[in-house]
Amino acid sequence: MIPSAILESALYVTDLHAAEAFYSDVIGLDLIAKVEGRHVFFRCGTGVLLLFNAEATKIPPAPDARLKVPAHGTVGEGHLCFAASADEIAGWRKHLAARNIAIESDFEWPQGGRSIYFRDPSGNSIEFAEPRIWGL
């Protein structure tokens, strides 16, 4: 058995309100679920981006919890890459510059394809890249 796709990706954030504003207002994702102080979830194409307050997700579920999601979380900055065409990456550069969001790195991969990197409000490394960097 081999998985066919990644259904959800998670980042851990230090400020849920700032993260919600960033991913909805700057990145343009649609909010699909929210629990104050714990998480905000966004639709992204055919997948879901989960943003968690890591401290809240370290607490195991109560024995009588309806959803018995195991405790999880991480410390430090994570990474997430959104797929984008070359033209879309050029558009994202302008869009981010208009919002005073610094591009940390912009380069062409040796095997072909461009990436740009920047930071979200929690310091996570966010990338837009052409899928061809992975031969896709």
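**Reading a Predicted Model: Sheet, Rings and Pockets**

Trainee: In which sense do S7 and S8 pair, and over how many bridges?

Mentor: In general, strands of a sheet pair through backbone hydrogen bonds, and they do so either parallel or antiparallel. Here S7 and S8 are antiparallel, and five bridges join them.

Trainee: What is the order of the strands in the open sheet?

Mentor: The open sheet has four strands, arranged S5-S8-S7-S6, with mixed pairing. From one strand to the next, the twist averages 20°.

Trainee: Are Phe22 and Tyr23 buried or exposed?

Mentor: Phe22 and Tyr23 are both buried. Phe22 also pairs with Phe118, at 6.4 Å centre to centre and with 50° between the planes, and this pair is tilted. Distant parts of the chain are linked by it: Phe22 belongs to helix H1 (residues 16-26) and Phe118 to strand S7 (residues 114-119), 96 residues apart. Phe118 is buried, as is Phe22.

Trainee: Which residues form the aromatic cluster?

Mentor: One cluster is made up of Phe22, Tyr23, Phe42, Phe82, Trp92, Phe118 and Phe128.

Trainee: Let us consider the pockets. How many residues line the largest pocket, and which lie nearest its centre?

Mentor: The largest pocket holds about 700 Å³ of space. Its lining has 25 residues, and those nearest the centre are Ile6, Ser9, Cys81, Phe82 and Ala83. Two or more lining residues come from each of strand S1 (8-13), strand S4 (47-53), strand S5 (79-83) and strand S8 (125-129). S5 provides the largest share, five residues. The lining consists of 17 nonpolar, five polar and three charged residues.

Trainee: How much space lies in the second largest pocket?

Mentor: The second largest pocket has about 270 Å³ of space. It is lined by 17 residues, and Arg38, His39, Phe52, Leu67 and Val69 are the closest to its centre. Strand S2 (30-35), strand S3 (39-44) and S4 give at least two lining residues each, and S2 gives the most, three. Twelve nonpolar, two polar and three charged residues make up this lining.

Trainee: Finally, where does Pro70 lie?

Mentor: Pro70 is found in the loop between helix H2 (54-57) and S5. A residue is called exposed when its relative accessible area is over 50%. Pro70 has a value of 56%, and therefore counts as exposed. Between Pro70 and Thr57 there are 8.4 Å in space, C-alpha to C-alpha, while in sequence the two are 13 residues apart.

Note on methods
Residues numbered from 1 in each chain as written. Predicted model: local features only at pLDDT ≥ 70, side-chain atom pairs only at ≥ 80, totals over all residues. Heavy atoms only, no water. 1 Å grid on protein atoms, 1.4 Å probe; cavity = no way out; pocket = protein on both sides within 12 Å on 5 of 7 lines; lining within 4 Å. Points joined across faces, edges and corners; volume = space filled by probe spheres on them. Nonpolar A, V, L, I, M, F, W, Y, C, P; charged D, E, K, R; others polar. Buried < 20%, exposed > 50% of the residue type's maximum accessible area, 1.4 Å probe, protein only. Phe/Tyr/Trp six-rings, centres within 6.5 Å; stacked < 30°, edge-to-face > 60°. Pairing = 2+ DSSP bridges. Axes fitted to C-alpha atoms, helices over the stretch in contact; angles between N-to-C directions.
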